[in-house]
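Me: I would like to learn how to read the features of a model like this one. Please take me through them one at a time.

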Amino acid sequence: MDRLIKANFYKLIKRQETYFLLFLICMESAVSASIPKTGYAMLIDRCNIPIALDLELAFLAVIIFAENYAKGTWYGEFLSGYARKNILISKLVVYGVVSLMVSIFAIGIPVIISSCINGGGSHSDCYAILLVFFTKNLLIISVMSLAAIILRKRIVTLAVGTGISFFITKISEYLLEPMIPNIVISFAYILLSFICIKVSIRILSFQDVQ
């Protein structure tokens, strides 16, 4: 498993698109920081997941999963002797870690700049807000991974993945978060993420990828 994870990280690091995505999210985050808001207000705003981050996460799903179908590399990976389950989990780990890093940039840069300029960067429920954000992020990448495995096509995965991320974000922002305690929402997101991962493993185990 360690070798699979390292190999997937290496492939992602060698891709020029990875650095381009990181540059874009840093630029978008810096521009967002110019909005005159306190650090706490900016935190709430960014934890609703901006459209730029939706696109970033969808594009990562294309690179990590959907391109394997377009380039026909799944079959070669399966012949390496590793179980399909382990191959998929290694990709999910890489996807999760890279998405976490991108999300930290997307939130951290505007919040830090806004806090330095406008103050108000600390609040009693900051940790609860971040917990909801990161578990929601986990659900999004789990659903996107499942969508990439089902859809297979790069452009379709990018479009549908962005739509899925936007839909989950808005449902959470306008319907779930105002009505349900943060800890309950976070637990629900983790449970749904686990279900999506199990379904992804199940589909890939029986999928013809030649």
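Me: Is lysine 170 buried, partly exposed or exposed?

Reply: Start with the source. This is a predicted model, in which local features need pLDDT of at least 70, side-chain atom pairs count only at pLDDT 80 or more, and totals for chains, interfaces and linings use all residues. Residues are numbered from 1 along each chain as its sequence is written, and side-chain values use heavy atoms, with hydrogens and water left out. Now the scale: buried means under 20% relative accessible area, exposed means over 50%, and partly exposed lies in between (1.4 Å probe, protein chains only). Lysine 170 has 28% relative accessibility, so it counts as partly exposed.

Me: Which residue forms a salt bridge with lysine 170?

Reply: Side chains of opposite charge can pair when their charged atoms come close. The rule for a salt bridge is a side-chain nitrogen of Lys or Arg within 4 Å of a carboxyl oxygen of Asp or Glu. Here lysine 170 pairs with glutamate 173, with the closest N and O atoms 3.2 Å apart. The two are three residues apart in helix α8, so about one helical turn separates them. Helices are DSSP runs (H or I, at least four residues) and strands likewise (E, at least two), numbered from the N terminus. Glutamate 173 is buried, at 18%.

Me: How many salt bridges does the structure hold?

Reply: Five. One of them joins glutamate 28 to arginine 46, at 2.7 Å between the closest N and O atoms. Glutamate 28 sits in α2 (residues 16-32) and arginine 46 in α3 (residues 39-46), so the bridge ties together parts 18 residues apart in sequence. Glutamate 28 is partly exposed at 21%; arginine 46 is buried at 3%.

Me: Where do glutamate 177 and lysine 136 lie?

Reply: Their salt bridge has its closest N and O atoms 3.2 Å apart. Glutamate 177 is in the loop between α8 and α9, and lysine 136 is in α7 (residues 126-151), so parts 41 residues apart in sequence are tied together. Lysine 136 is buried, at 0%. Glutamate 177 is partly exposed, at 27%.

Me: Which residues have the most contacts inside the largest nonpolar core?

Reply: In soluble globular proteins, nonpolar side chains tend to be buried together. A nonpolar core is a set of buried Ala, Val, Leu, Ile, Met, Phe, Trp, Tyr and Cys residues joined through side-chain atoms within 4.5 Å. The largest one has 51 residues, and Leu53, Phe65 and Tyr95 have the most contacts inside it. Helix α7 supplies the largest share of this core, 12 residues.

Me: How many aromatic pairs are there?

Reply: Rings of Phe, Tyr and Trp (its six-membered ring) pair if their centres lie within 6.5 Å; planes under 30 degrees apart count as stacked, over 60 as edge-to-face and the rest as tilted. That gives two pairs. Phenylalanine 65 and tyrosine 95 are edge-to-face, 5.9 Å centre to centre with 65° between the planes. Phenylalanine 65 lies in α4 (residues 51-71) and tyrosine 95 in α6 (residues 84-118), so the pair ties together parts 30 residues apart in sequence. Both residues are buried.

Me: What are the ring distance and angle for phenylalanine 133 and phenylalanine 134?

Reply: The centres are 5.0 Å apart and the planes at 75°, so this pair is edge-to-face. Phenylalanine 133 is buried at 0%. Phenylalanine 134 is partly exposed at 30%.
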